[in-house]
Amino acid sequence: MTIVYAGGELLTGDEIAEALLTYSQALAQSETASTVEIPTLDDDGERQMVKVLVGPASQIMAKPADSPFGELRDPDVLAHLAAMTARLQPTRNVPSAASGTDDLPEWVDDL
């Protein structure tokens with residue numbers, strides 16, 4: 001995919017672009033910004049790491065790209081972006097079995 005950002009285009013892998021967009025959305029919802037490094041391919045197909053500032057004011061998009069260089073993959077970057085995204089998302093309070101059913105509202109029994 002090609003990431004269109006700050007008037008330029010960055011060629012990267014589909015999963016990396018999706019993870020960056022997901023992280024950008026989480027940052028925007030948290031009203032904060034962050035700088036991240038993602039792998040990209042230059043015009044000669046050489047891999048390079050690029051720093052990108054993302055946050056609430058970021059105008060970033062991804063579009064399909066045909067590349068003669070193959071799909072760019074980086075499991076470590078994907079894991080890093082996923083971990084940072086998870087930290088920004090609220091945790092859900094789900095009663096555990098150990099807490100017992102006494103904490104549940106009475107209407108749950110009707111289900």
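**Close-up views of a predicted model**

Ala6 is exposed, with 71% relative accessible area (exposed means over 50%, buried under 20%, partly exposed in between, with a 1.4 Å probe and protein chains only). The model is predicted, so local features need pLDDT of at least 70 and side-chain atom pairs count only at pLDDT 80 or more, while totals for chains, interfaces and linings use all residues. Residues are numbered from 1 along each chain as its sequence is written, and side-chain values use heavy atoms, with hydrogens and water left out.

**View 1. Ala6 occupies the loop between β1 (2-5) and β2.** Helices (H or I, at least four residues) and strands (E, at least two) are DSSP runs, numbered from the N terminus. Phi of Ala6 is positive, near 50°, in a residue other than glycine. Most residues other than glycine have a negative phi.

**View 2. Glu31 lies in the loop between α1 (14-29) and β3.** The phi of Glu31 is also positive, about 55°, although Glu31 is not a glycine. Its relative accessible area of 70% makes Glu31 exposed.

**View 3. Asp74 is placed in the loop between β5 (60-63) and α2 (75-88).** Asp74 counts as buried because its relative accessibility is 11%. The side chains of Asp74 and Arg47 are joined by a polar contact of 2.3 Å (a pair of N or O atoms within 3.5 Å; within protein, one must be able to donate a hydrogen and the other to accept it, and residues adjacent in sequence count only if both atoms are side-chain atoms). At 3.0 Å, the side chain of Asp74 also reaches the backbone nitrogen of Val77. Leaving aside residues up to four places away in sequence, Asp74 touches Ile16, Pro39 and Arg47, where contact means heavy atoms within 4.5 Å.

**View 4. The largest pocket has a volume of about 160 Å³.** A pocket is an open set of points on a 1 Å grid over the protein atoms alone, where a 1.4 Å probe fits, with protein on both sides within 12 Å along at least five of seven lines; lining residues have an atom within 4 Å of a point. Grid points are joined across faces, edges and corners, and the volume is the space filled by probe spheres set on them. Among the lining residues are Thr2, Leu10, Asp42 and Phe69. The strands β2 (8-11), β3 (34-41) and β4 (47-54) each supply at least two lining residues, and β2 gives the most, with 3 residues.
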